[in-house]
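Open the model in a viewer and keep the selection panel at hand. The stops below are given in the order in which to select them.

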Amino acid sequence: MNQIACATNDWIEGFRNWKLGVQLALEDIRDRYRRSVLGILWVTATFLLFIGIKAFVFSSMNAMSMAAFTQYLTIGFALWTLINMLVVDGSATLVRSRQWVLSSSLSYAIYILQAVFRSFLNFMLVAIAAIIILAFTKMSLTSAAFSIIPAFVLYFVTGIWVSALLAPICARFRDILYALQTGMRIMFFATPIIWTPTPGTTRGLIALWNPFTHYLEIVRDPLIHGTVPVQSWIIVGSISLVGIIAASFSYTVTRDRVAFWV
Amino acid sequence: MARLIADRVSLYFPYTGKPLDSQTAIAKVGGAIIKRNGRTYVRALHNVSFELNNGDRLGLVGHNGSGKSTLLKVLAGIYKPQEGRIITEGKVGNALNLSLGFRNEATGRRNIYIKGMIAGLSHKDIDSLIPDIEVFTELGPYLDQPFHTYSQGMRMRLGLAIATAFRYDILLLDEWIGAGDAAFRVKAAERTAELAEQSSILVLASHNPKIISRNCDRKITLEYGEISDDEQVDPES
């Protein structure tokens, strides 16, 4: 009972101080590029260059036209940047905030929000580049595009439960942190981002059974095909439900022990 | 009304060295290493109890590793004790780590805002504290320079100024007086005394008997995480 109250309080305090989370996230991003002329626009510039090279190299390997493939790649890669950062940075956030955990009585939820906001701020810089590319390749949108708004809300919620579930566990077992980084790098290739799935082939099967595919589809499908992928929404919705329950349970059990682990 | 109660508090850390042959082992420093439920632990605090009410000023003394800082962390709610409990009434502030949250690349001024937000203050509250911090640190134009250009002493000044700019009901202070130049040490001691007067309850850990006798009316001595002595101190000015 006491543990539940403690974990709940932690999150109430965290959400009440969400502005601090934003400010700390802003500082993190600014810190990385201070004293450079382009500053944080390096994130945007890097993404533009990456897409340029990748579109050039990989478009010949696909049946799609250069413009269509560039759009597909841009959206997929931008989303992957966000997903990867939510998982990897989110899991590491308590270990990274070790000094804080050990000498301040702030709620741990702040450090989780900080990591999630940092991922979204970084994504906003990437999104600038993505919008430039999509406009340049003359992408046309339908009203289905509005469904990306709830999709990003779901990304935000996912970022929070994934961090709440994994960050304490990664503080206890550091190997999981490195396993996750490696795992995400492998998943990048197992997810249809630089390749397109053809139904009935091995790649089609990999894409279908890979949950990350469905996280991409809820944004990519409405933008490219103008349709809302109901099957993908059901899958990510179910994963979120199970994830939130698992995270609530695990956070309640681990909350008081984190200070002994970090 | 502020109140701070420690009720039979014991704290154990996981022990990661080679397993013990005997039931307990005691070194000259640090907590006792003991076996509990078949596993080895460092017992950092053992059966610590005291009650503090409005106006109480407690000094914690003891040799290195006797549990002073750990006890402050338990009081601050950072470590949750496996046995016993802590009861607090009032807003708890801690200055356990003065350099926490400083950003190397940000200016001194920006750092004041970040630290203020960490302490739960609004932008406006912080605005009103800036002049006082400016005067106390004597940093002048350096306040708008990046933090990494500061010397150790300048960092100390800013850290102390910020930590002591916010008001709390219960204040927990770890030993940090003694750095900086002589003139600043006097200022720091004055600031501590002023702050101690303004908060309802003070818990101060220090190796310096003078600082304890100047600021405290009660002294608890810790040994291997246990209270070995609990006495009144005659305030000396």
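Angles between axes under 35 degrees count as roughly parallel, over 145 as roughly antiparallel, 65 to 115 as roughly perpendicular and the rest as oblique. The axes are lines fitted to C-alpha atoms, for helices over the stretch in contact, and the angles run from 0 to 180 degrees between N-to-C directions. This is a predicted model, in which local features need pLDDT of at least 70 and side-chain atom pairs count only at pLDDT 80 or more, while totals for chains, interfaces and linings use all residues. Residues are numbered from 1 along each chain as its sequence is written, chains are lettered from A and ligands numbered from 1 in the order in which they are written, and side-chain values use heavy atoms, with hydrogens and water left out.

**Two helices of chain A**

Select helix 4 (residues 66–96) and helix 8 (residues 174–190) of chain A; their axes are 10 Å apart and meet at an angle of about 175°. Helix 4 and helix 8 of chain A are therefore roughly antiparallel to each other. Helices (H or I, at least four residues) and strands (E, at least two) are DSSP runs, numbered from the N terminus. The contact (heavy atoms within 4.5 Å) involves residues of helix 4 of chain A including Phe77(A), Trp80(A) and Val87(A), and residues of helix 8 of chain A including Leu177(A), Met184(A) and Phe188(A).

**Aromatic rings**

Rings of Phe, Tyr and Trp (its six-membered ring) pair if their centres lie within 6.5 Å; planes under 30 degrees apart count as stacked, over 60 as edge-to-face and the rest as tilted. Over all chains, a search of the whole structure finds 22 aromatic pairs. For Trp11(A) and Tyr251(A), the ring centres are 5.5 Å apart and the planes stand at 55°, so the pair is tilted. Trp11(A) is in helix 1 (residues 2–16) of chain A and Tyr251(A) in helix 11 (residues 230–254) of chain A, so this pair links parts of the chain 240 residues apart. Buried means under 20% relative accessible area, exposed over 50%, partly exposed in between (1.4 Å probe, protein chains only). Trp11(A) is buried at 15%, and Tyr251(A) is buried at 3%.

**Helix 2 of chain B**

Next, select residues 108–118 of chain B, which form helix 2; nine of its 11 residues are buried. Among them are Ile112(B), Tyr113(B) and Lys115(B). The buried residues of this helix pack against helix 2 (18–33) and helix 5 (98–103) of chain A, together with helix 3 and helix 4 of chain B. Show the side chain of Lys115(B): its charged end sits over the ring of Phe102(B), 4.4 Å from the ring centre. A charge sits over a ring if NZ of Lys or CZ of Arg is within 6 Å of the ring centre and within 35 degrees of the ring normal. Gly120(B), which follows helix 2 of chain B, has a positive phi near 90°.

**Helix 5 of chain B**

Move to helix 5 of chain B, where the buried residues include Phe184(B), Arg191(B) and Leu195(B). The charged end of Arg191(B) sits over the ring of Phe136(B), 4.2 Å from its centre.

**Two loop residues**

Finish with Lys138(A), in the loop between helix 6 (108–136) and helix 7 (148–172) of chain A. Lys138(A) has a positive phi near 55° and is exposed at 72% relative accessibility.
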